[in-house]
Amino acid sequence: AVSGGASVLGVEPMPVIDFSQWGSVEIKLLTKINKLTGKFLHRNWVNIPHVTQFEEADITDLEAFRVDANNEYKDRGIKFTMLAFIMKAVVAAMQKYPRFSSSLDATGENLVMKNYFHVGIAVDTPDGLVVPVIRDVNKKGLVDLALEMKEVSLKARDKKLKPSDMQGGCISISSLGGIGGTKFTPIVNAPEV
């Protein structure tokens with residue numbers, strides 16, 4: 001929100017710049033998803049404390065198992081990505097440390113402890129990032145998760161996700177594995193932790 005030229009947080013607004021003064025430019029309208037993502041990510045960055053812990057793990061055996069499983073299930077059209085294994089590990093951590101699947105209520109006075117284990121997964125689409133929620137990850141096996149992730153990713157890319165498909169997550173997983181890199185800090189997807 002902007003009031004008198006400055007935001008309510010006391011930060012000066014971005015300057016208006018004519019970029020064409022330095023060369024040719026093209027103006028492209030942001031998609032609805034881009035606009036909403038920008039608003040929500042900004043809100044979340046400003047309102048939620050962000051803490052990042054980096055750790056290294058040797059997943060040599062897990063990767064060998066994943067490759068073997070892909071070979072075993074290839075004929076059934078099932079492909080296991082590392083994400084399915086990460087989801088199961090995250091849920092195991094949430095079960096051991098319940099605060100990781102909690103949320104503050106609107107008053108900021110109460111912690112809402114969730115007895116369900118729904119995980120949001122970031123899916124990049126041509127129109128922008130969306131975060132569909134895989135429900136009851138604790139009750140699903142790797143095959144179920146692989147099939148559901150494939151289905152939900154296709155729905156996301158075909159613009160067939162409903163708002164309810166992207167609500168109710170306890171925690172979200174963002175993976176930059178597809179583009180590389182070593183570490184990054186994602187913005188918390190409110191009201192998650």
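This is a predicted model: local features need pLDDT of at least 70, side-chain atom pairs count only at pLDDT 80 or more; totals for chains, interfaces and linings use all residues.
**Stop one: a surface patch**

Start by selecting Ile-17, Phe-19, Trp-22, Val-25 and Ile-27, and show their side chains. Together they make up a nonpolar patch on the surface, with about 610 Å² of accessible area. Now pick out Trp-22, which lies in the loop between β2 (6-7) and α1 (32-47). Is Trp-22 buried or exposed? Its relative accessibility is 62%, so Trp-22 counts as exposed.

**Stop two: Ser-172**

Next, move to strand β9 (residues 171-173) and select Ser-172. Ser-172 counts as partly exposed because its relative accessibility is 23%.

Look at the side chains of the last two. The side chain of Asn-189 makes a polar contact of 3.3 Å with that of Ser-172, and the side chain of Glu-192 makes one of 2.9 Å.

**Stop three: Asp-165**

Finally, select Asp-165, in the loop between α4 (142-157) and β9. Asp-165 has a relative accessible area of 16%, so it is buried; the cut-off for buried is under 20%. Follow its side chain to the backbone nitrogen of Lys-162, which it reaches at 2.8 Å. To see what else surrounds Asp-165, show Pro-132, Val-133, Lys-155 and Lys-160, its contacts once neighbours within four places in sequence are left aside.

Notes
Residues are numbered from 1 along each chain as its sequence is written. Side-chain values use heavy atoms; hydrogens and water are left out. Patches are made of residues with over 30% relative accessible area and no salt bridge: like charges are joined within 9 Å, nonpolar side chains (Val, Leu, Ile, Met, Phe, Trp, Tyr) within 5 Å. Accessible areas come from the Shrake-Rupley method with a 1.4 Å probe; for residues, only the protein chains shown count as cover. A salt bridge is a side-chain nitrogen of Lys or Arg within 4 Å of a carboxyl oxygen of Asp or Glu. Helices (H or I, at least four residues) and strands (E, at least two) are DSSP runs, numbered from the N terminus. Buried means under 20% relative accessible area, exposed over 50%, partly exposed in between (1.4 Å probe, protein chains only). A polar contact is a pair of N or O atoms within 3.5 Å; within protein, one must be able to donate a hydrogen and the other to accept it, and residues adjacent in sequence count only if both atoms are side-chain atoms. Contact means heavy atoms within 4.5 Å.
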